[in-house]
Amino acid sequence: MADFDLAIIGGGLNGVSFARDAAGRGLRVILLEQGDLGSAASSASPRLIHGDLAMLERWAFLRVRAALAERDIWLRIAPHLVRPMRFGLPAHSEERPPWLLRSGLWLYDRLGSARNLPGSATVDVTHHPIGNALKRPFGTAFEYSDCVVDDSRLVIAHALDAAERGAVIRTGARCVRADRLATWRLVVIDRGRRQVITARALANATGAWTASVAEIVLSMPPPRAGAFQISHIIVGRLFDTDNIYVFQNVDRRLVFASPYERDFTLIGTVTHPFKGDPAVVSMAAADISYLCEATSRYFRQRVEPFDVIRTVSGANMGVSSRTRGTASDGAITFDARRGKAPLLTIFGGDITTSRLRAERAVSKLAPFYPMSPRWTANTPLPGGDFEWARFEAEVDRARERWRFLSEAEAQRLVGAYGTRVAAVLGEAKERSDLGPAFGPELSGAEVRYLMAKEWARFPDDILWRRTKLGLTMPPADREALGAFMANAHV
């Protein structure tokens, strides 16, 4: 008998979503991640849960409708991680005409669920707060509703739920060989120790490593797909309103400028083909200049390359023209030859459709295993057992219980852990009960929780993925954090 029903290689969003769905349907699951969960493309996304407005120009109406239906599901199952936002799209005289934008947004509203979020509207930016940061003579803009998400925390939430449903999650575990017989025999180097694991089915969910894992580890032909790089820049806060700007650039691409971690702005996205080592992805100077110029066409405050505080880049696999689907949908291939253990390959796609993609992938295994029905659309992720409209009420509850928290601290903690904040703060009565402080917000208690429950092993796992506090933490506190984690016993 095999050790597991399903082994998954890769701990990005596709991998952990697959693990959560499969574990919830009764399969014995193990997930192997060579580094940290969500450490590649899954933490370098545009952070949007949306129907992808640009897809309307490609007449992909069914795809937009399906994505907007997924947007509603995310608001229901992850209200702490997914937040509704108003998006402002200024009309530029040299780009798409206003009538076209108005028509497209009318259709966008019709394709979505009108009862959940406010519909689109035309605004006079000379008398509207979104116009304060814009150059003149922009006079008209269009508002519509979509959502933003904490991409890294979404990965962790899926892994947590999978583990609580029986899945084994191993980080720092690299699969170096997989032999395919009636069952899969995997040779794994788990933090320096060699192990052999058997599984009845295998899933390759390694993102930009999909082709190399297929060739080197599985000894199989790689999928017909190419790698692409996605990049963003982070600058200081450019506007005071709590909305996202959508700018039309001269090449007809859309550029987003989003509020980011209170004091910053995330600007993206640049996407182009990628060649090289996916573990080392850097943003070219030309791409930085592109985003700076695109936003400077609109903002009063010009954005220059020297204003960039941090770049965020990742590589993933993209669907080729020979593979069915769209880049946003991703791709799933299934190989179930007679006498050979099944193999699933899942790659690409955006955050919005990741739940549906995992659901479809697990369903392909239904002929091989007795499993329970599809379930992820109606079951909250850990900490998400409240209605999204009650987010501020959850913040108020946290401040009533832990009175030493500031408004901003409570919002960050609820936005990360939802109703599970108590697992982090425990019975603390005052700030000193949380242990040493690292920077203005990170406490020893939170670090211990992240190490014990969320697979954090190194400072970067905490500073740039499970939180984004690396943006504000002084160098001395980063060093102290590293020393604390090295000596922590959890």
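Residues are numbered from 1 along each chain as its sequence is written. Because the model is predicted, local features need pLDDT of at least 70 and side-chain atom pairs count only at pLDDT 80 or more, while totals for chains, interfaces and linings use all residues.

First, the pocket. A pocket here is an open set of points on a 1 Å grid over the protein atoms alone, where a 1.4 Å probe fits, with protein on both sides within 12 Å along at least five of seven lines. The second largest pocket holds about 1100 Å³ of space, a volume being the space filled by probe spheres set on the points.

Its lining has 43 residues, meaning residues with an atom within 4 Å of a point. Arg-47, Arg-83, Pro-259, Glu-261 and Arg-262 lie nearest the centre. By type, the lining has 19 nonpolar, seven polar and 17 charged residues; Asp, Glu, Lys and Arg count as charged, Ala, Val, Leu, Ile, Met, Phe, Trp, Tyr, Cys and Pro as nonpolar, and the others, Gly among them, as polar.

Which element gives the largest share of the lining? Helix 9, with five residues. Helices (H or I, at least four residues) and strands (E, at least two) are DSSP runs, numbered from the N terminus.

Strand 6 (140-149) also supplies at least two lining residues. Nine of its ten residues are buried, that is, under 20% relative accessible area with a 1.4 Å probe, protein chains only. Strand 6 pairs antiparallel with strand 4 over nine bridges, where pairing needs at least two DSSP bridges. In that pairing Met-85 stands opposite Asp-146.

Definitions and conventions. Heavy atoms only, no water. Buried < 20%, exposed > 50% of the residue type's maximum accessible area, 1.4 Å probe, protein only.
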